[in-house]
Amino acid sequence: MIDATLRGPLLGTFFMAISASMIGVLAFVRRRSLIGEALSHAAYPGVVCGAAIADVCIVPGAFLTALLGIGAVRWLEKRTTSDAALCVILSSFLGIGVTIASVLQVLDPMAYRRSLTYLYGQAATMTDNHMILYASFALVMTLYVTINYRYLQLSHFDRPFAKVLGIKLKGIEAIQIILLALAIVMGIRSVGVVLMAGMLVAPAIAAREWTNKLSHMLILAPLFGGLSALLGAYFATNLPTGPVILLIAAALAFLSMFKSALLRFLRKVRFRWQCHLENGLKLVWKYGPADLGRITSHRLVQCGYLTRRGGPLTVDGMRKAQQIVRLHRLWEVYLSTCLGASSEKVHRSAEEMEHILTPELEIKLLELMGNPTLDPHQQPIPERVR
Amino acid sequence: MNPYSGDNFFSFFGTLLTRLFTFHGPLVSDEVQLIVLGLISMMAATLGSFLVLRKNTMLANSLSHTILLGIAVTYLAMKGVDFYQMSMGALLMAALVTALLTTLFTELLTRFFHLQEDASIGLVFSTLFALGIVVVTLFAKNTHIGTEAIMGNVDALHPHDVKQVMLISGLVLGVIALLFRPFRLTTFDPTFARGIGVNSSVFHYILMILTALAAISAFRAVGAFLFLALLVIPPLIARAFTKRLGTLIVLASGIGVVASMLAVALSRHLLSEAGLALSTAGVEVVLLTLAIGGQRLPQSSAAKSC
């Protein structure tokens with residue numbers, strides 16, 4: 001089915017992306033997305049040292065220096081701003097790695113070449129062993145997240161309550177850091193040190209635009225990440241795989257963000273249209289039948305508020321218009337008596353609020369003001385519509 | 001025929017001083033490295049002082065990633081520009097493209113898409129860097145970007161690079177000196193600045209453009225990512241000694257320059273004595289790292305910004 005040489009890169013990156021996305025969601029929710037960037041750069045000296053010893057030492061070496069980096073970030077964060085701390089560790093560890101690499105370049109060029117593949121990633125040479133390793137890790141990650149879901153939820157969103165319950169927050173954080181380091185260290189084989197942070201962030205961003213529940217995010221993000229990995233590994237022919245995977249993940253994130261922005265915009269448009277219709281009703285109620293325009297009239301007739309274009313309101317229409325005017329004038333009374341606004345200014349606010357006030361708010365207003373019969377402009381306030 | 005070959009750490013400075021005072025002939029590679037690294041460190045320390053105080057260091061990190069894309073775009077736009085012989089015009093254009101892309105993109109994500117700040121920075125730099133790699137691979141495969149982008153190659157510097165770095169540092173330091181008071185104001189009291197009608201946004205963009213310019217001119221010497229170390233570490237070390245902005249900048253520049261000198265001397269020493277050709281930029285970062293490790297940085301309780 002899938003070519004044997006393609007299997008390693010394809011499925012290996014797939015499982016890697018799944019793990020990265022899941023842990024990325026947890027970092028995203030804590031607003032610590034950039035810790036992945038610091039960790040992946042901190043892993044680099046470990047990669048180089050590991051390469052100097054033996055091929056199999058690369059990943060453990062990277063893991064060790066990544067953890068060292070985290071410790072250093074913690075130490076620095078007590079002494080300076082957290083963004084500066086991250087940047088210091090980012091660059092200094094990378095610099096140390098670079099220095100060691102320059103020595104390695106002379107002493108052991110083959111090892112040097114191997115360590116370079118971890119800078120930008122080299123998915124194409126991944127084997128079945130890699131695939132099995134990443135699949136196992138993805139399984140571990142999924143199990144961890146599923147079993148500890150309640151604890152994770154609490155530790156991220158309600159720390160005081162978690163403390164009251166006696167949940168070991170330090171323990172959860174420690175495990176999370178270790179998983180993060182592992183995910184990054186394994187991931188840099190495919191997308192490289194520089195781009196790994198993106199693989200953590202992009203799927204989480206995409207997932208967030210579709211849901212606000214942590215559980216759904218933890219399912220959606222791996223889907224997005226895995227999809228990017230599959231598409232990227234499959235289609236990146238004469239391009240390096242890592243960047244392509246990342247660009248696809250970023251594209252998914254952008255599409256999701258566009259979707260949300262579009263929905264927000266449409267919601268506004270719908271509300272404006274609603275206000276426009278209600279204003280039409282008010283007009284006919286106050287001043288008598290008028291031509292409201294083809295589309296408006298058609299819609300109002302459809303809703304059963306208007307008899308025909310240019311015609312009078314129906315009974316339902318009269319009731320609705322009356323209610324709107326009532327809310328308008330009630331709000332005006334509220335502004336002028338309780339907040340001391342002058343009569344000229346209350347009208348504009350009431351023009352907006354009349355479309356928004358709910359029945360519950362209406363009751364509250366009446367409680368505050370007793371049942372007023374006149375508004376600040378000496379106009380009568382219509383009766384409550386049943 | 002390098003007069004420094006065979007020198008150890010201390011005789012390096014001896015040779016340097018003799019050559020200085022006897023105005024001996026043209027610059028050799030060690031001196032070129034010294035001057036270039038020194039100027040870059042000064043620029044970086046000055047810009048970095050502001051960046052650290054404004055908490056924009058992660059944005060500077062983004063910039064250093066986006067540089068790859070900026071340079072690639074410039075390369076395409078000005079056909080035939082060699083990465084290693086970039087003219088001032090090309091440099092300026094690349095810097096402008098980089099800075100504007102990064103900053104505008106990040107602001108688009110935070111303002112229009114309502115994305116949280118840390119995630120937007122992360123998305124921006126990884127996307128633009130990935131794009132840069134793709135562009136370079138597709139259109140500029142014959143140029144050796146790869147590892148040199150990250151590490152730089154101080155030993156490939158040429159005397160005429162000195163002139164270019166001098167011009168750029170002059171420009172950067174000059175602009176900062178000229179606009180020192182607005183920069184200081186918008187850094188420490190943005191609300192007051194807004195109140196008296198100073199547009200903080202403009203100065204933010206200017207600072208980003210200057211940083212991108214400095215980063216690009218330093219690109220070949222120290223590489224894109226090590227420049228960040230020169231930006232961030234000297235101001236943090238200097239912060240342990242002073243609270244005044246002016247002193248901070250001067251002290252940070254001093255630390256940067258000293259680190260450069262020690263780095264060049266050390267690499268020369270290790271090359272002569274032990275035959276180890278270390279990356280000089282890497283050595284400088286290691287020295288700075290050790291220096292910051294030894295510092296008793298002030299315990300600030302108002303540290304958490306994320």
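This is a predicted model: local features need pLDDT of at least 70, side-chain atom pairs count only at pLDDT 80 or more; totals for chains, interfaces and linings use all residues.

Visitor: How many helices and strands does chain B have?

Guide: Chain B has 12 helices and 0 strands, where helices (H or I, at least four residues) and strands (E, at least two) are DSSP runs, numbered from the N terminus.

Visitor: What share of chain B is buried?

Guide: Of its 306 residues, 56% count as buried, and here buried means under 20% relative accessible area, exposed over 50%, and partly exposed in between (1.4 Å probe, protein chains only).

Visitor: Okay, the contact now. How many residues does each chain bring?

Guide: Chain B brings 61 residues and chain A brings 58 residues, with contact meaning heavy atoms within 4.5 Å.

Visitor: And how much area do chain B and chain A bury between them?

Guide: The two chains bury about 5200 Å², with 75% of it on carbon and sulfur atoms; buried area is the accessible area (1.4 Å probe) that two parts lose on being put together, summed over both.

Visitor: Which helices of chain B supply residues to that side?

Guide: H3, H4 (88-112), H5 (117-139), H6 (146-151), H10 (200-239) and H12 (280-293) of chain B each supply at least two residues of the side that touches chain A. The largest share, 15 residues, comes from H5(B).

Visitor: How many salt bridges are there between chain B and chain A?

Guide: The count is 0, taking a salt bridge as a side-chain nitrogen of Lys or Arg within 4 Å of a carboxyl oxygen of Asp or Glu.

Visitor: Switching topic, what is phi at A:Arg31?

Guide: Phi of A:Arg31 is near 60°, a positive value in a residue other than glycine. Most residues other than glycine have a negative phi. A:Arg31 is found in the loop between H1 (4-29) and H2 (35-53) of chain A, and is partly exposed, with a relative accessible area of 44%.

Visitor: Where does B:Lys55 lie?

Guide: B:Lys55 lies in the loop between H2 (29-53) and H3 (57-77) of chain B, has a positive phi of about 60° although it is not a glycine, and counts as partly exposed at 40% relative accessibility.

Conventions. Residues are numbered from 1 along each chain as its sequence is written. Chains are lettered from A and ligands numbered from 1 in the order in which they are written. Side-chain values use heavy atoms; hydrogens and water are left out.
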